[in-house]
Every structure is written in structure tokens, then in C-alpha cells.
Protein chains: 2
Amino acid sequence: MNISALLTSAGINTGVCLVLLSLYSILRKQPSNVSVYFGRRLAPVCSRRSDPFCFERFVPSPSWIVKAWETSEEEIYGTGGMDAVVFLRIVVFRIFSIAVIICFFLVLPVNYYGQEMRHKKIPSEPLEVFTIENVKEGSKWLWAHCLALYIITCSACILLYFEYKSITKMRLERITRSPPNPSHFTVLIRAIPRSSQETYSDSVKNFFTKYHSSSYLSHQMVYRCGRVQKLMSDAEKMYMIFKDASFEQNCKPSLMQRGLCGAPTSSFTIISSEMDNVRGKSGFIHMDLAKIEKECAAAFVFFKTRYAATVTAEVLQASNPMLWVTDLAPEPHDVYWSNLCIPYRQLWIRKIGTLMAAIAFVLVFLIPITFVQGLTQLDQLQQTFPFLRGLLKKKYMNQLVTGYLPSVILILALYTVPPIMMLFSAVEGSISRSGRKKSACCKVLYFTIWNVFFVNVFTGSVISQLNVFSSVKDIPAQLAKAVPRQARFFTTYVLTSGWASLSCEVVQVFALFCNLVKRFILRIKDDFSHCPLSFPYHTEVPRLLLFGFLGFTCSILTPLILPFLLIYFALAYLVYKNQILNVYITKYESGGQFWPIAHNTTIFSLVLSQIIALGVFGIKESSVASGFTIPLIICTLLFNEYCRQRFLPTFKNNAAEVLIEMDRKDELCGRMEETYRDLHTVYCQFTATSHELCRCGCLNHRGDVKSIPNWEKLNPGKDRSQLKGSLTIHCNLDIEETSKK
Amino acid sequence: MNISALLTSAGINTGVCLVLLSLYSILRKQPSNVSVYFGRRLAPVCSRRSDPFCFERFVPSPSWIVKAWETSEEEIYGTGGMDAVVFLRIVVFRIFSIAVIICFFLVLPVNYYGQEMRHKKIPSEPLEVFTIENVKEGSKWLWAHCLALYIITCSACILLYFEYKSITKMRLERITRSPPNPSHFTVLIRAIPRSSQETYSDSVKNFFTKYHSSSYLSHQMVYRCGRVQKLMSDAEKMYMIFKDASFEQNCKPSLMQRGLCGAPTSSFTIISSEMDNVRGKSGFIHMDLAKIEKECAAAFVFFKTRYAATVTAEVLQASNPMLWVTDLAPEPHDVYWSNLCIPYRQLWIRKIGTLMAAIAFVLVFLIPITFVQGLTQLDQLQQTFPFLRGLLKKKYMNQLVTGYLPSVILILALYTVPPIMMLFSAVEGSISRSGRKKSACCKVLYFTIWNVFFVNVFTGSVISQLNVFSSVKDIPAQLAKAVPRQARFFTTYVLTSGWASLSCEVVQVFALFCNLVKRFILRIKDDFSHCPLSFPYHTEVPRLLLFGFLGFTCSILTPLILPFLLIYFALAYLVYKNQILNVYITKYESGGQFWPIAHNTTIFSLVLSQIIALGVFGIKESSVASGFTIPLIICTLLFNEYCRQRFLPTFKNNAAEVLIEMDRKDELCGRMEETYRDLHTVYCQFTATSHELCRCGCLNHRGDVKSIPNWEKLNPGKDRSQLKGSLTIHCNLDIEETSKK
């Protein structure tokens, strides 16, 4: 592959990008796509329907780019929360601007004039001329690479340090400046010991009144949804759908009203009224269900102060560490209810099991990867499929197959990974949705780096790849040989996976397709049927980090990748800002928990790039450069350890100092009573059930709050009317999230 | 080496053991050796001097064995504390009795009749006939080995589980049943932030009255010993020695009176009286020193309840995790004062530094090991040193050199290891002596297992050994080939290092030698000059675990090692019990912290033995046996993970439940006030300084408590006379311990 082939590939991608972005700027103006491109804005307010049909709607315009560019970090914080800000910090991470300058003015000339040869015209130069492979063995110019490595590492570490510091500060401010957060007063307790004399609820009450009487406020059990209940609630749901359909004749459609089919029918009216009678007798079907519900060995315990809750969460409660296990509760919308009922003693084995399953999945995934690698070696392909020979002889086709196709196949295969990893993380037993997403993010990250980088670098069958890794000592040299050779694959990967995926992200191909199907085939005209998704951090963070990883490892070896990366990051900044502002809603927050992952990955990338450089300097017989690289590795690792000591603990626990100050301030303001009042409401498991109801439209027709089971038992002395408000607010938020890709 | 050579070696060792043990039974009856063999009993009481010179003193007798055998676990707990009990549990660990039975009745016959061959008479059979090497490839009898492996693993896991459970219970009882322990009420705080307006002491007071006012009692700063102070205290010590010498004329020698030379002289009287005048003017030299002392950024903070102290220790205090770092305080005698002044931000780098240094030390240590290995290959030795050829031709000499000498050299070299590892652990910055010992124990353990097992198995130069480990995949097969080949080395190692070291331990060679030198060359007649040591867990625990490790890894491969091991463990049980009862004193306790180390090492041994078995079954082409071994490895690892979840947390933190119960009980009894009163006294840093004084005899001459600096400041409103008692009691305990070997 030479420069012109690379430029062909870049050209194709730029074209695709431009077309898609123009398409987006047109599509977003169509009123029918409002739900696809402005899901976020639709969530709270009703949209303007029936815009006038004008010409302007069909002209591409860059207004969204301008708007995304102009949005400040405060606005992003306001709309997308802290996670969005952290995500954009990962995007902006300025190191690659420095790397581009250093590598273009220092490393690239050294590579280009590395050997005494007659240079062709630049467009027809092979790519290898620009890589470190072109430098002579024993060349004295390798100090330039070593210096570049030093500059990149040092500036990366300095930037990482200040980012970590500012994100830690932001996290602290998020805690102190926010209004009283119910999760700070709540502890999730699991593994409540079984007792024959008393119920779980009594056990919890006795335990906490005995040992934490001064700070214990109340508690709320988590209930198991039995099989019978599931069947009955399914039946009820079906009934509601029928009911809903028959209702449409009488009342005008509300915001929340939903049904399986759009057109109202009247054939179920009789059944409906029969069911109405049944409901009249039993009050509501849910009232029966309440008896079937079973308590789990888990509960939310509410405390009077934040400090007391944190203390209870962090201190070992019982002399048997497998009983009375405490954790700080996730935020109310963040609770992953179905995992709370998993017996605690299963968790460790579930974790090990999912880890094993994930490793097995990675190994199985080698099959498509090796196929992709086959494509880059055209000769092999032509031998396997002789009928392709004629086709592949065309120059343009050849460039397409070697430069473009492998990446496309890889990307398509990679789209199956996040949902599977999300499933693994759910099975693992996370108590919060954000925790599940974070865990999935790590899994996808390991998967991506392994499968995109290592497996591509060590081409060949599964066995030969594992062989490479069984010989630890040779890895630097192996990497040093293999990475520059794969430069063109990585470069095209940035072009295809990077640029194209951003365009696809902005156009929201899948959602658009669903919208079209619904609108023109199923003929549903309701804008609100598309429920907005939360930001898919578990796919986007690993993607960004992968490109960062490729950037670091390739920077001094094949600097030509850097400008493409820089364009990718610039585009990503605009696209993701736009998406955060318009498309995704913030259902729950992890509070910047993605930053430590990004930090560690960057350090790993740096160290790996240094190890590869060490291997290269070894091959090129430059003992001075090798000698200088080793202290750099040690210093990078020490820097990482320092950051771990200095910043990481604040991402795990809240400081007593801060919590006590907040408690005092609230007590002075007299805000505590108000907070206590809300605690039960927000951690009510059956707001989830009531969402199901609200999805079915029943709550909005009748405002029936009596249907919430156990209300009397769980909230003694509280007015039912309080609940209704909170139900409506949370209605949109707690709908079971489906992973986007 | 054949069976008769092995028996020769066993004979030599048995002889040596018997001689040493008889010698011990005689030596211990000599009044002059009381300080060597009854150090523990001397510590509290005065010995009976001048026994009558009788014949009985020179007859060996087994009375000590009987006494050691009869001592119950409760008595051991009473004299040696929980650590001693845990140590003996490691010794008794019953698995090897099971292993011997299984291996002798199942594995050994299979090995012996493994190949169709004519057997010689058993004494002249080579050792290899009894190892797994003798089994034919593809033999169907390998299921016997697999079954033996299963039985050993299962019984080991069951025993480990019940031991862990009972030790956890013992640990819990130790906490609940003991009288109020000051360390439970105390938190060590480090990294107090520097402030220009206030002293560290004021900072601590302000911080804790601000955030923990309800439970904060008082605090006590840790002081730095400056260089000037060190010089002055050295000068003072010298003065005291001279003073002491001149004093002997006037008053009769007391228990604590010590000097450099035993004979009283009168030549220093003038200087002494001059110094007396000086002391009259300045009150006491220490009074000046008090002004020079500087506060460290560390303090002991006392709380009103155990629960409050635990909470403060476990919860993150400040939003900067490198400030206000809290840990539960060690027990008063366990505090390692000189490490408390190390700035907290240095600690992480110290830990990394010592880790690197320890690794470097291990690599340097390969030199004597390779020399030892050279000895087992006699041909090489004869080539290198031709003059030895004549000597080595004698059969007896040959057996001695190959079977006995390598182990002796190895043992001598190994004696240098514990002091160096202890030094590393001190530099690392442990806050407690027991923590330092535990850390040294781990280092010595890794060192021993690496150097005795792995390096001996993979004989050859440093480079070739590292080469073996760079190829991960081949390790099982490599081990499977190498371990049976080294069987004779390991067997003789058990004989020499095991049996002989036990005899040396009981005779206390080094202490005896010192005692003789002192008594007959320096002519000091004072029994009390020998200060009793605490039990050297950091050398003995790794040794025991190493033999356990050898036992597991060799059990099914070369079962002949097992009877020797069994004898070793039986002897060890008696010897260590005797030593705990008579020789060592318990200065401080870790509360069973050595058990998790023992547990993990045993699991590691089991897994390694399974991996080796896997390799062997692979070489012998028994796919069934290999197939059955893999689930065993997985189950063992899962079992370990379960134990880690179930028991380990209680070894790290105390449960809130337990602490709160204890607090309540004490409050009901009204014992709290008493405990509060003692807290300051026991954590006074200058009891250490006063020990120096008491060593010099000054305190006992005058009972001068005024000399303790800062007493007024640190203990407002307390009577000085309270201190004196505690000083005398702790006098013997806090003397800087020197590692025994």
C-alpha cells in the first residue's frame, strides 16, 4: 500500500462522512425524525407538531456544528451530567496535538531519510518509507525517536495528572453542591441472615435498632418477583393493552399512552367491561399480588445523616463477613432491582463465572478476526477462492479489498460485542445500572484492545498467537517487528471504524430505520413511542480509548496515523457534544467513574509504546536509546502508582470531613426532615411496577395510586397523594434499558 | 544415590540429632545456662542460684519431651499467646499422616512395580525405582496417582477449612474475652497537614473536636528524635554507664543494673560526682532534651469507644486521601516508634523500593545456590578440582559429598536471609513490630520457596533458569521432568535442614556460644545480661511451610520423602512447644495473622503439585488422568476464593457487632473510666527512652520519674507515680529486638 492508496481510502471515508453529515443536517430538520434526533428534548416537553413544509428543510447546514462548538462545559454538565463532561475530557485529551507536532517535525523526517535511497515522488512512495522500519540499523538518529518518546510521555503524564486532579475536584463539588441526595443517606444491606422466628424485615429492624439506634431511621425491604406474580403481571399487562385500545374511543390520547397496535378497535369492549367488574371486586389485581410477593434477603436502610450511612456501609458489620453485607446504595434511578435478590453468597462465583465466559468469548471471537487478516494477504485469498482472481486483479478493487474491507468486516463483528458484554455484566450481579455499564465498559475495552491490536499484530491462527504470548521475554522484539508492519491496517482502521462510526453515530442509522419502519410500514404516528436511550458509555469509551491506544503505540513508529487520529478526535468532540445535547438522556450517573479506566488505559498504552520502542531500539542495535527507555518505563509506572494513591480512593469512598460538613449545613437549614420524608418514596421498588402500569396508560387515565401494593405497610402515616407526583416524574427514567448496539 | 546412601544420610542425621538432643537435656540442667534455655522464665522472676553440684545434672533425660507433649493448647495460649497456638497448628496440620498412608499403600507399590524389571534387594535399589519415573508410559495404573492426588487435595482442603474456621473463632474470642485493650480505643493518625498557624498537636485537636467531638477523648503526638538529641542521649548513656560503675561500691546490685564491664571500679568517682552537680542544676539532662524534640506529623488519637475508633480508622477522613491517614493503632508494645515519623507520602515509594531490592537480593543469591548444585554433580566437581579426585573415589566420601554437603552449604547461606529481609521490612515502614515480622515472613517465604525449590529444580546458570520461566506453557512439563530427578536432593534437604535445624534450635547454639564467651572470656556472671528474644516467626513459619510445600509437591511423585517429613513434623511439634514454654517471651502479638499466609501457601503447594501431576500425566500419555486433574485444579482455586471471602475480612477488620457489644458491656461494668486513664500511659513514646534509663539502672536507684519529658504537658492532672509502675513492667518488653538469626 502506498501513499496514494492511503489517500484513496481517506478520500472514500471523507466522502462517506460528508454525505452522512449532510444527510444528518437534513434529516434532523424533518419533523418526523424529531424522536430520533431530539429524544432528549422530547422527554420533558411536548414537541411542536406540523412545521410548515419549507425549502430550508432540505438544504444541508452546519448550524448544529456551530452550536455544538459553542456549548460550554457548564452547559454539558447541566444537560449530560458529570459523566458526559468526563467523556468529553477523554475526547479532548490534548496530548495528540503535541504528538503530531513532535512526530511530524522530528520523527517523520528521520524515518523518511533513514536510508540512503532514491526517493520516488511522495504519492507513490510505499507507506513503509515513513515508518521506523526505514531507519538503518545502528543509526545515530534513533535518539530522535527516544526524545520524541520522552516528550510524549512527559506531556501525557502532566496532562493526565491535571485532568485527574480537576475531575476529582469536580466529583467533590458534585457531592457538596448538589441538593440532598437520597443515596447518601441510604445503605443497601444484603445477606440478611435467615431466621425461623422473624421475617427479614424484623431482622433488619432489630439489628439496626440494636447496633445503630442513634442514626437508624427506617428501612425498606426488597421483594422477589415470583413466577406466579410474573405470569399474573403479564396477564394484567395484556389486559391493559386491550383496555387501552378500547379506551381510545372515549378519551383523547395522552402523552404516556401506548399500545401494541396503533389503530383503535372496538371488538374488545365487552371483555374490557368484564375485566372492569373484576377490578371493582378485588380493588385491583395488584392487591392480590402483594400477598404473593416474597421478601428478599436485601433491604435499603435509611439513616439520619450521611456520615452514619457511610460508616455503616464501610465498616464490617458482622463477625461472619458473608452476613449483613453493606454497601452505599446507588442513586434511586440507578438501582438494578432484579440483581438485588441474588443471594450474596452466589456473587463471588458469578463473578468468576462471567470472567471465564468473557475469556471464552474472546477466544471464540478470534475466528472472524483471522478471516479479516486473510483479506489483507491477497495472495492467500486468491489461492483459496480462485474465482476472485479476475476481480482482484483490478488495481482499484485490490486497494479496496486490502485497505477497506477488512476494517468493515471487523467493525460489523465488533457490533455484537457490547450487548454480550452487557449481558455478562448483568449476570455478574451489579447492584446499579451505572456499575453494570462500567463493568461492561471494562470488558469491552479489554476485548477491543486484545482483538483489534494484539490479534491483528500477531497474525495467524489461534494456536500460533497463543504461542507468541507463552514466551514472555520475546514479546518486545515480536511487537517491534509486527507493529510497523500492521501500520496500514491501523491507519485504515482509524479511517473506517473511527470516521465512519462517528458519522453513523450522528445519523443514528438504527433508530432512523426503526422510525421509518414504524412510520411507513406499521403506520404509527406517535412521536413518543421512541423511548430515548441513555448514553452508551460502554461502547463509546472503549472506542475512544482504543484510538488513543493506537495513537500512542504507533506515534513514533508510524507517525502517519496521527493526523487521521487528530481529525477523528476533533470530529468526535463535535459529534458527541451534539449527541449529548440532543439525543441521549441522563437516566443515571456514575459520577466520573469512567475516568480511572481512561487513566489506566492511557498509562498502559504509554508503557506498551515504550516497551515496543525498547524492542525496536534493540532490533536497530541502539543501546543508548534502549538504555534511556528503561528509566522512562519505571517512571511512568511510578507516576501511575502515585496517582492511584493520591486520587483513586476519592472515587471509591466519600470523605468523612465532607459528609459531616454537609450534614451540619443541612441540619442548620432544617432541610433534613424534608429529605427523610422523600427517602421512602424514591427507593420504592414498586415505582418500577407502576412504571409498567404507566406504560400501559392506566395511571394517567385514573390516577389510581391505590394500586401500589404494600403502600400502607411501607409508608405508615403517609398520604398516598405524595406518591403520584414522584411516579409521574420517574415514569420515563426507570424503563428497562436495552443496550443500544 | 540408592536406598543405602539415603539411609546413611538418615543415619548421620539421626545421630547428630540424638547427640544434640542429649546435649540439650544435659546443658539445660546447668545453672550457668539458665539464661539461654529459660529466658522466658527469667524475665519475670529471679532464678535460683547455686544449685548443688550433683550427678543427675550430667545424665541425659527425656523429661522435657514429656513435659512438652503434655502441655495443652490452653497452656500454650496462656504462655505464648495466639500466635504460638497458630504456629503449632501449622506444625500439627494433620494432612501428612493421611498422605503417608495413601502414598505408601497406593502409590509406592505402583511406582515400584511400574516397569517389568528384575528388582535387586531393596537396600541397593536406586531411589529412582520408587519415583513416578519408574512407571511405564501409557500405564493404566496412573489412576492410582490421580486418586491419591484427589484424596490428598480433598482432605487438605477439608482440614484447611476447619482450621481456618477455628482460628477465626479463636481470634474473635481473643478480642471479646480479653480485658479492655488500649489498642482498640486508639487510632494512629499520620500525614497531619502542616499549618503555619498552629502546631501539629493543635491541628489534631481541632480536627477531631470538629468532626468527631462526640467520641474524641484526647491524643498524643509522636516526637521525632533529632540528631542533636541522639548525640546527647548517647552522651548521657555513656555517663550512666560510668556512673553505674562507680555506684556499685555503695549500693547492692539490682536486677536491672547493667554495665559494660562486670567488675566495679572506683576511678570514675570524681567525674561521677561532677556530673551529679550538673544534674542538680538542670534537674535532669532529659529536661533539656524535651525542648529539642520535634513533633512528627503523626499522633495517637484516643476515643471513648472501640466502635468509634474502628470507624475513624476505616473511613476515609479527608478529601485528599494522602492527608489525615488513619489506621487502628498497634498494641502498645507492638508500636514500631521509629517508623511512625516517616512522612506518609514516602511510604508507597519505600514499599516499591524494598520490593525491588528484595527481588535483586533473590537474584544475587543464585550464586551460592548454583555452587551447591555443582556439588551434586560430582563429575563436574572432579573436573574443576582434580586434586579432589582421590578423596572423592572413596564410596563413603562420595555419598557424604553428594548427599549431605550441598544441603549444609545451602542452609548456612540461608541463615543470612532473615536478618536482611527483616531490614527490608523495617525500611518499608511498618507501623508495628508484628507487621514488620509478618512482612519479613512473607519475603523469607517467597525467597525460600524460590531458591530451594525452583532454582534447584531448574539447575544451571542464572540465565538458563530465567529462560525456563520465559516460556510459560512448558512449565508443567519441565517441572514434571525435573522434580522427580531432584527427589534425592529434597529428601536430604529434609534430613539436614529439617532435622538438624530443629536440633540446633533446641540447643540454641548461638546463644550458648555467646553465653560461654561472656562467662569464661569476659567473665560476666550476671544471668540477666541475656535478654530473652521473642519467637522468630519470620524464620520458622517459612521453614515449616517450605517443608509442607516439598511434601505436597513430592508426595505422589517420590513418596519416599514423606516418612522423613512426618518425623520432622513430630519432632518440630515437641521442640517448638518446649521453646515456646521455656525460651522465648511474647513481646507482642499479631493475633493469628500468620494463618492466612500458611493457608495461601498450602493452597499454592496443592495447585503446584496438581500442575506438576498434570505435566507428569501428559508425559506418561495418560489422557484420562490429565483430564481428571484439571477440574481438581479449578476446584482448589474456587475453594481458596471461598475461604478468602468467608474468613479473610475478619483478619483485617473487627466487626461492628462485636465491638459495640463489648463497649456496652464495659459501660455497664463502669470499666471505661479505668481504661481511659490508662490510655496515655501505655502509648507514651518516652517509656522507650525510660527503658534506656532503666537499662542503665538509674530509674531503679532513684525512682526518678521527673526525668520523663513532657509528662506535665501530655498528662495534665495525672499523678506521676502512676507512670512508675508501668515503666517497670514494660521495662523488659520494649528493648529493641534484634532478629535472632
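1. A quick word on terms to start: two strands are taken to pair if DSSP finds at least two bridges between them. Helices (H or I, at least four residues) and strands (E, at least two) are DSSP runs, numbered from the N terminus. With that in hand, chain B has four strands forming an open sheet in the order 2-3-1-4, with antiparallel pairing. Strand 2 (216-224) and strand 4 (325-328) of chain B are the edge strands, each pairing on one side only.

2. Please keep in mind that this is a predicted model: local features need pLDDT of at least 70, side-chain atom pairs count only at pLDDT 80 or more, and totals for chains, interfaces and linings use all residues. Residues are numbered from 1 along each chain as its sequence is written, while chains are lettered from A and ligands numbered from 1 in the order in which they are written.

3. Have a look at strand 2 of chain B, which is joined by seven bridges to the antiparallel strand 3 (residues 294-303) of chain B. Among the residues involved, Met221(B) has Ala299(B) in strand 3 as its bridge partner.

4. Now to the domains of chain A. The assignment, automatic or from a database, gives domain 1 (3-178 + 347-652) and domain 2 (182-346 + 687-714). Between them, 19 residues of domain 1 of chain A are in contact (C-beta atoms, placed from the backbone, within 7 Å) with 16 residues of domain 2 of chain A. Helix 14 (344-364) and helix 21 (433-457) of chain A each supply at least two residues of the domain 1 side.

Notes. Contact = placed C-beta atoms within 7 Å.
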